[in-house]
Amino acid sequence: MKFSAAFASSIAFLALAAMSLPARAQLADGSPMQSAGVRPELLRDVGLDQKLGDSIPLDLPFRDEHGQPVTLGQFFGQKPVILTLVYYQCPMLCTEVLNGLLRSAKELPLQIGKDFTIVTVSIDPTERPILAEVKHELYTGLYGQAGAPQGWHFLTGSEPQIKALAQAVGFRYAYDSATGQFAHPSAIMLLTPAGKLARYFYGISYPSRDLRLGLVEASREKIGSPIDQVLLYCYHYDPATGKYGLLISHVIQVAGGLTVVIMALAIVVLFRRENYGLPGRDART
């Protein structure tokens with residue numbers, strides 16, 4: 001799907017407008033968020049275990065951004081793969097993870113689709129391919145290279161398959177039914193063409209020089225060394241009030257802007273689907 005430059009400019013303006021609004025981290029009752037020094041119960045089992053050299057189950061079934069059934073093995077065999085586990089309706093750091101990866105990818109001399117593949121998997125089993133398609137349109141469009149739509153995939157799946165993949169890569173997360181949020185670490189993983197875990201990158205910023213080296217080594221089936229964990233959790237809790245809020249105001253601003261963009265793209269995707277499905281369209285064309 002392609003959209004006009006005028007439409008792209010419009011949604012970019014809306015995003016910038018949303019991001020420019022003053023924002024403060026607030027609690028659910030609207031009061032400013034207090035500093036938190038106590039780790040909530042939900043986060044005690046959340047983390048990321050480095051399983052360097054382990055293979056992931058390539059036969060796990062998912063659906064791609066077009067709703068087509070795929071297995072993980074379809075994205076391996078020829079190139080190294082960057083794996084990201086997020087969820088598409090995340091109000092917090094998931095967007096920052098994808099944005100950080102996009103920034104680094106644009107700085108690399110290597111190209112998505114030609115030299116490496118990115119596979120983004122939603123950890124939320126209730127999310128559907130329409131959300132994956134919107135994300136796919138957004139990020140491959142922002143990357144701006146011809147091979148990106150075939151090289152960056154956004155998958156959805158059922159809970160057993162998601163949990164099996166998360167366990168294989170050491171990605172420990174939890175769901176909070178009270179807030180509808182997933183608590184999970186923020187990181188990306190590099191895998192070899194054979195599907196072995198080669199390196200982990202933590203946080204939301206991935207130096208392009210390190211990422212390039214990791215991809216080159218992974219392409220040769222070389223496994224990296226364990227690194228120190230500096231975890232950011234996609235979740236926050238204020239022990240002073242027992243309520244949940246966003247972690248930092250910057251995340252609120254960025255997520256607000258991206259929400260506008262995603263909503264606009266979702267409208268376009270749904271409109272086109274409805275338009276293509278109108279009775280008698282083929283007869284008129």
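Where does Glu 221 lie? Glu 221 sits in the loop between α6 and α7 (249-276). The model is predicted, so to speak of local features a pLDDT of at least 70 is needed, side-chain atom pairs count only at pLDDT 80 or more, and totals for chains, interfaces and linings use all residues. Residues are numbered from 1 along each chain as its sequence is written, and side-chain values use heavy atoms, with hydrogens and water left out.

**Glu 221 and its backbone**

- Helices (H or I, at least four residues) and strands (E, at least two) are DSSP runs, numbered from the N terminus.
- Glu 221 has a positive phi of about 65°, although it is not a glycine.
- Most residues other than glycine have a negative phi.
- Glu 221 counts as partly exposed, at 35% relative accessibility.
- Buried means under 20% relative accessible area, exposed means over 50%, and partly exposed lies in between (1.4 Å probe, protein chains only).

**Nonpolar core**

- The largest nonpolar core holds 58 residues.
- Such a core is a set of buried Ala, Val, Leu, Ile, Met, Phe, Trp, Tyr and Cys residues joined through side-chain atoms within 4.5 Å.
- Leu 165 and Val 169 touch the most other members.
- Helix α2 (residues 93-107) gives this core its largest share, 6 residues.
- Contact means heavy atoms within 4.5 Å.
- Leaving out residues up to four places away in sequence, Val 169 touches Leu 48, Asp 49, Lys 51, Ile 56, Leu 83, Leu 85, Met 189, Leu 197 and Tyr 200.

**Salt bridges**

- The whole structure has 4 salt bridges.
- A salt bridge is a side-chain nitrogen of Lys or Arg within 4 Å of a carboxyl oxygen of Asp or Glu.
- One of them joins the side chains of Glu 159 and Lys 163 (3.2 Å, N to O).
- Glu 159 and Lys 163 both belong to helix α5 (residues 159-169), where they are 4 residues apart, about one turn of the helix.
- Glu 159 is partly exposed at 39% relative accessibility, and Lys 163 is partly exposed at 44%.
- Another salt bridge joins Glu 217 and Arg 199 (2.7 Å, N to O).
- This pair links distant parts of the chain, 18 residues apart: Glu 217 is in helix α6 (residues 208-219) and Arg 199 is in strand β11 (residues 197-202).
- Both Glu 217 and Arg 199 are buried.
- Lys 222 also meets Glu 217 in a salt bridge (3.7 Å, N to O).
- Shared partners join Arg 199, Glu 217 and Lys 222 into one network.
- Within it, Lys 222 is partly exposed, with a relative accessible area of 47%, whereas Glu 217 is buried at 14%.

**Strands β10 and β11**

- Strand β11 is largely enclosed by the rest of the structure, because 6 of its 6 residues are buried.
- Strand β10 (residues 187-191) runs antiparallel to β11, and 5 bridges join the two.
- Two strands pair if DSSP finds at least two bridges between them.
- Leu 191 has Leu 197 of β11 as its bridge partner.
- The hairpin of β10 and β11 has 5 residues between the strands, and there Gly 195 takes a positive phi near 90°.

**Cysteines**

- The search of the whole structure finds 0 disulfides.
- A disulfide is a pair of cysteine sulfur atoms within 2.5 Å.
- For Cys 90, the nearest cysteine sulfur is that of Cys 94, 3.0 Å away.
- That distance is too far for a bond.
- Cys 90 is buried, with a relative accessible area of 8%, and Cys 94 is buried, with 2%.

- Thr 140 belongs to helix α3 (residues 129-143) and is buried, with a relative accessible area of 9%.
- The side chain of Thr 140 reaches the backbone oxygen of His 136 at 2.5 Å.
- Glu 127 lies in the loop between β5 (117-122) and α3, and is buried at 1% relative accessibility.
- The side chain of Glu 127 makes a polar contact of 2.5 Å with that of Ser 122.
- A polar atom of the Glu 127 side chain also lies 2.9 Å from the backbone nitrogen of Tyr 88.

Note on methods:
Polar contact = N/O pair within 3.5 Å; in protein donor to acceptor, adjacent residues only side chain to side chain.
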